[in-house]
Amino acid sequence: MKRTIIKIDEELCNGCAECVTGCHEGALQIIDGKAKLVNEVFCDGLGACIGDCPTGALTLEEREAEAFDEAAVEAHVSGKKKAPEVHFAPIHQGCPGSMARSFEKPAGTSMVSGSSELQQWPVQLHLLSPSAPYLRGSDLLLAADCTAFSVGDFHSKYLKGKKLAIACPKLDQGREIYINKLINMIDDNYLNTLTVMIMEVPCCSGLLQIAKEATASAIRKVPVKLIQVSVQGQVLREEWI
């Protein structure tokens, strides 16, 4: 259908997030430093957010778009409708290595080579609690185990500013557990974005399928980015899907 909907000029957008606060329907998010319309059905086309933008990046346009869905907005914003509750085994069962920790690199810390951008522990998806406080509202990088060993600038370019979960779709057991954990992260811990980084090998595509099934089943909708790399660390695909 043709209707009025928000339009964003990314050249003018400075990523201040004032519009995100002003959009009571939750239609806008800051992704890669720019405001994005995350779902057409969340935008009512009234333009209440326009006055909050200090750079004039927001305007209204009339174009083909999905109809505004008030029920979807209510579920997206209020979280009144919940996905089926899933109970997981306790994450910490006595091993100090699996104890949940959130941390920042102390000022003046020197590394043997480069700089770590890791913000939390643990990172393995089986050990990661979907309700961990440090995940709330975060941008999550879901990376296949091998990617960090292939991509030389994994920390500085891809992990920086994100929380991390690693998994191997070929060797790990508990595919449904992974899907349910991601659903809980999205719906209950308000995950902001999900980036899936996989290798070019066919078996690695299973991690993308896990992410797709989780985001399709979740009540809240989050933007998903795919990054596919070669065994020598070259980026073959990088796109929002």
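Residues are numbered from 1 along each chain as its sequence is written, and side-chain values use heavy atoms, with hydrogens and water left out. Because the model is predicted, local features need pLDDT of at least 70 and side-chain atom pairs count only at pLDDT 80 or more, whereas totals for chains, interfaces and linings use all residues.

**View 1. The chain comprises 6 helices and 11 strands.** Helices (H or I, at least four residues) and strands (E, at least two) are DSSP runs, numbered from the N terminus. Of the 241 residues, 40% count as buried, where buried means under 20% relative accessible area, exposed over 50% and partly exposed in between (1.4 Å probe, protein chains only). The accessible surface comes to about 12,800 Å², of which 53% belongs to carbon and sulfur atoms; such areas come from the Shrake-Rupley method with a 1.4 Å probe, and for residues only the protein chains shown count as cover. Among contacts in the chain with a separation of 6 or more, residues 24 or more positions apart account for 70%, a contact being heavy atoms within 4.5 Å.

View 2. Strand 7 and strand 8 pair in the parallel sense over 5 bridges, and A143 has I166 in strand 8 as its bridge partner.

**View 3. Strand 9 is largely enclosed by the rest of the structure, because 7 of its 7 residues are buried.** Both of its faces are covered, with T193, T195, M197 and M199 on one side and L194, V196 and I198 on the other. Strand 9 runs parallel to strand 7, to which 5 bridges join it, and parallel to strand 10, to which 6 bridges join it. L194 in strand 9 stands opposite L140, and the bridge partner of L194 in strand 10 is V224. Strand 9, helix 6 and strand 10 make a right-handed β-α-β unit, that is, with the strands pointing away from the viewer, the path from the first strand over the helix to the second runs clockwise.

**View 4. Helix 5 (residues 175–187) has 13 residues and reaches 19 Å from its first C-alpha to its last.** This span is close to the 18 Å expected at 1.5 Å a residue, the expectation being 1.5 Å times one less than the number of residues. The buried residues of helix 5 include Y178, I179, L182, I183 and I186, and their cover includes strand 7 (139–144), strand 8 (163–167) and helix 6 (205–217).

**View 5. A218 is found in the loop between helix 6 and strand 10.** At 4% relative accessibility, A218 counts as buried. Leaving aside its neighbours within four places in sequence, A218 is in contact with I183, I186 and D187. A218 and I183 are 35 residues apart in sequence, yet 5.2 Å apart in space, C-alpha to C-alpha.

Definitions and conventions:
Two strands pair if DSSP finds at least two bridges between them.
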